[in-house]
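Try each task before you read its solution.

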Amino acid sequence: MTKKKTTPMSPHEREAYEQARTGIRLGTEGKYGEAIDAWRLASDIADAHLASTDMYYWVKSGYGAALCDAGQYRESIAVSLLSREWTLERRQPLSSLSIARSYLALGEGEAAAPYLREVHGLIGDAIFEQFDEDVEADVHAAIAGLENGESQPSAGRPK
C-alpha cells in the first residue's frame, strides 16, 4: 500500500492549525474562554492569510462550534455560516450543527429547523446524540415538521 502524498503546510497554515489544536484541547478540558481565545487567533490568521482555502473553512467551522460551546450563540451562527457550504460539500455536519444548536439555545426553533434537517440528512438519527434530553423533543419536532411537509416546524413553539 502506498502512502498518500501530502502537501506540507505553509507557515500560516501551520500557525492556524496549532492554534486550533490548542482550542480543541482547551475546549475538551471545559476551558471555553481560553479555547475561544485560541480559536480567535486561528481565525485571525485564516482571515489575514488563508482566505478561501480549506484551512480557512476548517478553522471557521471549529471556531463556530467553540463559540456555541461557550454560549456565544449569535457569533457562533455568524461564523458557522461562513463555513457551512464548505462543510456540507464534504458531507460534514459541524457548521450546520453549530447553527442549529445556537438557534435552539436562543429559543428560536423555527430558525434551527432547516439546519437540523441538514444534519439529520447527513448523520441520521445520530443527531439525537448531539443534544441534551431537554431539547431532544424540539429536535424531533423540527425534523418531523419539515419531513411531513408542514409549512411551519413545531420546534419554535413556546414552552
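Two residues are in contact when they have heavy atoms within 4.5 Å of each other. Helices (H or I, at least four residues) and strands (E, at least two) are DSSP runs, numbered from the N terminus. This is a predicted model, in which local features need pLDDT of at least 70 and side-chain atom pairs count only at pLDDT 80 or more, while totals for chains, interfaces and linings use all residues. Residues are numbered from 1 along each chain as its sequence is written, and side-chain values use heavy atoms, with hydrogens and water left out.

**Exercise 1. Find how the secondary structure of the chain is made up.**

Step 1: Count the elements; there are 7 helices and 0 strands.
Step 2: Read them from the N terminus, which gives α-α-α-α-α-α-α.

**Exercise 2. Describe how helix α3 and helix α4 pack.**

Step 1: Take the geometry. Helix α3 (residues 54-69) and helix α4 (residues 73-89) pack at about 145°, and their axes are 8 Å apart. Axes here are lines fitted to C-alpha atoms, for helices over the stretch in contact, and angles run from 0 to 180 degrees between N-to-C directions.
Step 2: List the partners. Residues of α3 including Y56, W58, Y63 and L67 meet a set in α4 that includes Y73, V79, L82 and W86.
Step 3: Sort the contact by class, which gives 11 nonpolar, 6 polar and 3 charged residues. Ala, Val, Leu, Ile, Met, Phe, Trp, Tyr, Cys and Pro count as nonpolar, Asp, Glu, Lys and Arg as charged, and the others, Gly among them, as polar.

**Exercise 3. Check the length of helix α2 and find its buried residues.**

Step 1: At 1.5 Å a residue, the 18 residues of α2 (residues 32-49) should span 26 Å; the expected span is 1.5 Å times one less than the number of residues.
Step 2: Compare with the model: the end C-alpha atoms are 25 Å apart, which agrees.
Step 3: Look for buried residues (under 20% relative accessible area; exposed is over 50%, partly exposed in between; 1.4 Å probe, protein chains only). In α2 they are A35, I36, A38, W39, A42, S43, I45 and A46.
Step 4: Ask what covers them; the cover includes α1 (11-28) and α3.
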